[in-house]
Amino acid sequence: MKKLTASLVFAAMFLFLSGSAMAYYTIYDDATGGDCSSIGIWDAGTKTCTLTADLYIPSGHGINIGSDYVTLNGNGHVVNGVRNPFYTGVDIYYRTGVTVKNLRLVNFWHGIVLISSSGNSITGTNNTSNYIGILLGQSNDNIFSNNSLMSNDHGFRVVESSNNIFRGNNIANGYMGISTFRSNVTLRDNSISNNIYGFYYEDSSNQNIVYNNNFIDNQYQTFCAADNFCSNDIFSFAAPTGGNYWSNYNTPEEGCSDLNNDSFCDVPNGLDYLPWTMQDGWLTPETLIGGTITAVEELLTSGDIATVGTATSLTSTLNNALNAISGGNIQAGGNMLQAFINKVEAQAGKQISAEAAAQLIDAAEQIMSKL
Ligand SMILES: [Ca+2]
Ligand SMILES: [Ca+2]
């Protein structure tokens with residue numbers, strides 16, 4: 001009966017949300033970007049609305065995304081709301097290919113809502129003091145990366161949604177960091193800290209993939225609301241990927257000894273068969289170089305690196321660094337990473353966009369600091 005009631009509540013909520021898409025501003029893919037011209041600058045070529053000022057939304061909904069394949073770039077600006085039921089900062093209903101980035105959403109009932117929307121990207125947003133930071137309903141295959149969710153009752157709330165990826169988010173100081181209902185999620189590289197419940201999943205929320213996250217000082221780090229409805233969840237992979245870091249399971253007193261010094265606890269922590277003994281243990285020089293190679297390939301695809309030749313030169317230098325470090329020749333690896341930085345600097349603003357060059361140099365310097 002409890003589950004039926006909960007389901008009806010969600011159904012009613014979706015109807016309410018779906019029927020209330022009236023927003024102060026709607027971004028459309030047209031000559032002016034819909035209302036974009038009154039709050040920012042519309043680039044019709046890239047279909048991007050870039051905010052030019054902070055906004056205050058005194059009632060109702062702030063910005064509705066009215067077309068597929070558009071980008072809303074907050075450019076660091078804040079949209080402030082009023083925390084009454086269902087008032088929302090950004091509405092994304094029945095959309096695909098939408099990107100929302102670099103936007104701050106404060107004091108809404110929902111910071112961002114996705115309903116029946118798949119294949120979208122929410123990245124680098126900052127959601128603070130909302131009831132729910134980001135809500136998904138019946139929305140699949142979206143990516144949520146590098147978002148900050150602080151002091152929301154629920155950081156992420158995921159309802160009847162599948163195959164969404166949550167990566168590199170910082171979720172802290174809430175009642176539930178991420179909570180799911182009849183859903184499955186992939187959680188990776190997130191920091192989930194100081195919530196009552198870190199990851200709360202219920203009612204056939206199974207087949208979750210949860211690895212390489214820092215679970216820090218949540219009263220309940222993970223909580224399956226009904227064991228018989230939570231199954232086939234994966235909390236670790238074989239070394240060197242391993243599982244997660246758990247602040248309540250990282251010392252011998254807590255059951256985590258590491259007698260063979262491989263940075264994994266020698267005994268599993270529940271379903272996590274390879275718990276890390278240190279935060280971010282998976283961010284070794286080797287894994288970071290692998291990630292930087294991937295970044296170069298992505299920057300080539302996005303056009304931030306102009307030619308295949310430039311990208312190949314960079315990845316071959318990174319592979320040389322990887323081989324040297326894997327073989328124990330740390331100094332040679334460091335020299336290769338310095339050579340990589342020199343190559344990037346030489347092409348910054350030429351074959352490599354200035355922004356991408358700064359990103360790659362930061363990555364290389366981070367790796368060198370770990371050698
Ligand atoms: Ca501890
Ligand atoms: Ca060990």
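A crossing of two helices is termed left-handed if the near helix is turned anticlockwise from the far one by less than a right angle. In the predicted model described here, helix α4 passes helix α5 in a crossing of this left-handed kind.

Helix α4, which spans residues 308-326, and helix α5, which spans residues 330-347, pack at an angle of about 165°, and their axes are 7 Å apart. Because angles over 145 degrees count as roughly antiparallel, α4 and α5 are therefore assigned to that class. On the α4 side, the residues that meet α5 are Thr 310, Ser 313, Leu 314, Thr 317, Leu 318, Asn 320, Ala 321, Ala 324 and Ile 325. Their counterparts in α5 are Ile 330, Ala 332, Gly 333, Met 336, Leu 337, Ala 339, Phe 340, Lys 343 and Gln 347. When the residues of this contact between α4 and α5 are sorted by class, 11 are nonpolar, six are polar and one is charged.

Helix α5 also packs against helix α6, which comprises residues 354-369; the angle is about 165° and the axes are 10 Å apart. That angle makes α5 roughly antiparallel to α6, and the crossing of α5 and α6 is left-handed. The contact draws on Gly 334, Leu 337, Phe 340, Ile 341 and Val 344 from α5, and on Ala 357, Leu 360, Ile 361, Ala 364, Ile 367 and Met 368 from α6. By class, the contact of α5 with α6 contains 10 nonpolar residues and one polar residue, with no charged residues. Leu 337 and Phe 340 of α5 are listed in the contact with α4, and Leu 337 and Phe 340 are listed again in the contact with α6.

For the chain as a whole, six helices and 27 strands are assigned. The radius of gyration is 22 Å, close to the 21 Å that the globule rule gives for 371 residues, so the chain is as compact as a globular protein of that length. Taken along the principal axes, the box filled by the C-alpha atoms is roughly 60 × 55 × 25 Å. Of the 371 residues, 42% count as buried. Among contacts between residues at least 6 apart in sequence, 42% join residues at least 24 apart.

Several loop residues in the strand-containing part of the chain may be considered individually. Asn 206 is located in the loop between β23 (197-202) and β24 (209-211), and is partly exposed, with 16 other C-beta atoms within 10 Å. When residues up to four places away in sequence are not counted, Asn 206 touches Asn 184, Cys 230, Ser 231, Asn 232 and Asp 233. The C-alpha atom of Asn 206 is separated by 23 Å from that of Ile 122, which is 84 residues away along the chain.

Most residues other than glycine have a negative phi. Asn 212, however, has a positive phi of about 55° although it is not a glycine; this residue occupies the loop between β24 and β25 (214-216). With 22 other C-beta atoms within 10 Å, Asn 212 is buried, because the cut-off for that class is 20 or more. Asp 217, in the loop between β25 and β26 (220-224), likewise has a positive phi, near 55°. Asp 217 is partly exposed, with 13 other C-beta atoms within 10 Å.

Methods:
Residues numbered from 1 in each chain as written. Chains lettered and ligands numbered in written order. Predicted model: local features only at pLDDT ≥ 70, side-chain atom pairs only at ≥ 80, totals over all residues. Axes fitted to C-alpha atoms, helices over the stretch in contact; angles between N-to-C directions. Helix = DSSP H or I, 4+ residues; strand = E, 2+ residues; numbered from the N terminus. Parallel < 35°, antiparallel > 145°, perpendicular 65-115°, else oblique. Contact = placed C-beta atoms within 7 Å. Nonpolar A, V, L, I, M, F, W, Y, C, P; charged D, E, K, R; others polar. Rg over C-alpha atoms; globule rule 2.2 N^0.38 Å. Buried ≥ 20, exposed ≤ 12 C-beta atoms within 10 Å, placed from the backbone.
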